Amino acid sequence: MKGDRKEYRDGGEINVEDPNDPLDLLSRWIQEAREKGAVEPNSMTLATIDASGAPRSRVVLLKFLEGEEIGFFTNLGSDKAIEIQSTPAVSATIWWPEMERQVRMEGTAYEMKRPQVEEYHSSRPRKSRIAAWASDQSRSLESREELLRKFEETECEFEGTEVPLPPFWGGFRITVDRVEYWSGRPSRLHDRVVLTRKGDSWSESRLHP
Ligand SMILES: Cc1cc2nc3c(=O)[nH]c(=O)nc-3n(C[C@H](O)[C@H](O)[C@H](O)COP(=O)(O)O)c2cc1C
């Protein structure tokens with residue numbers, strides 16, 4: 001708000017070792033955030049575009065990072081999944097207040113192959129796997145009791161057996177085309193370094209803060 005004013009100084013200089021490995025610094029920053037005890041070091045705001053062309057955003061957890069791709073898991077019937085399926089252009093932003101750093105990414109999302117989703121699903125705690133079955137994500141819910149009832153019914157249904165992957169649950173990979181690293185520096189003279197895909201390679205440039 002108006003009276004809140006923070007002097008930035010700890011983000012540090014941005015050092016991209018190889019622009020052709022555009023997400024290397026992201027993975028190092030996530031690791032540093034984890035070491036600094038950030039609550040959710042891999043949470044990111046994901047923006048999609050709805051059928052009317054309006055932007056919509058929400059937080060998801062970045063659970064996959066490889067080469068030029070990041071990924072997350074979700075319900076395939078959710079609003080975000082429906083939006084991606086009709087318009088795959090997305091953007092994602094991560095902000096770590098503890099480190100005074102931000103990363104912005106823009107790219108194209110596509111659905112993950114089932115074996116990758118299976119692998120992640122089987123690594124989740126049992127209650128999370130049950131919740132994936134019980135939640136009709138983004139659809140209207142009569143009451144909290146209804147959700148708890150569905151959860152209990154699902155628990156009974158799979159008692160004594162593995163909780164299988166729901167067919168309506170999956171993930172998306174995002175191939176990034178632009179990555180911007182931002183770091184808080186003194187006197188509002190923050191660092192901004194942008195990596196942009198140019199055909200088969202990547203270019204690096206700086207922006208005014
Ligand atoms: C810290 C945090 C992490 C979240 N992680 C996920 C996630 O990985 N996947 C997911 O589907 N929803 C996640 N959510 C919930 C979403 O923000 C959102 O409420 C939900 O996915 C429905 O979004 P939609 O209606 O736009 O599809 C998370 C919320 C928070 C606050």
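1. Basis of the note. The model is predicted: local features need pLDDT of at least 70, side-chain atom pairs count only at pLDDT 80 or more, and totals for chains, interfaces and linings use all residues. Residues are numbered from 1 along each chain as its sequence is written, and side-chain values use heavy atoms, with hydrogens and water left out.

2. The classes count Ala, Val, Leu, Ile, Met, Phe, Trp, Tyr, Cys and Pro as nonpolar, Asp, Glu, Lys and Arg as charged, and the others, Gly among them, as polar.

3. Elements that supply the shell. Helices (H or I, at least four residues) and strands (E, at least two) are DSSP runs, numbered from the N terminus.

4. A polar backbone atom of Leu-61 is 3.0 Å from an oxygen atom of the ligand. In the side chain of Thr-74, an N or O atom is 2.6 Å from a ligand oxygen atom. The protein covers 63% of the 630 Å² of accessible area that the ligand has on its own; accessible areas come from the Shrake-Rupley method with a 1.4 Å probe, and for residues only the protein chains shown count as cover.

5. Glu-83 lies in helix H2 and is buried, with a relative accessible area of 7%. Buried means under 20% relative accessible area, exposed over 50%, and partly exposed in between (1.4 Å probe, protein chains only). The side chains of Glu-83 and Arg-58 are joined by a polar contact of 3.1 Å. A polar contact is a pair of N or O atoms within 3.5 Å; within protein, one must be able to donate a hydrogen and the other to accept it, and residues adjacent in sequence count only if both atoms are side-chain atoms.

6. Cavity. The structure holds 1 cavity of 30 Å³ or more, and the largest cavity has a volume of about 40 Å³. On a 1 Å grid over the protein atoms alone, a cavity is a set of points where a 1.4 Å probe fits but cannot get out, and lining residues have an atom within 4 Å of a point. The lining includes Asn-15, Glu-17, Arg-28 and Leu-195, and helix H1 (residues 24-35) gives the most to it, with 3 residues. The lining divides into 4 nonpolar, 1 polar and 5 charged residues.

How values were computed: 1 Å grid on protein atoms, 1.4 Å probe; cavity = no way out; pocket = protein on both sides within 12 Å on 5 of 7 lines; lining within 4 Å. Points joined across faces, edges and corners; volume = space filled by probe spheres on them.
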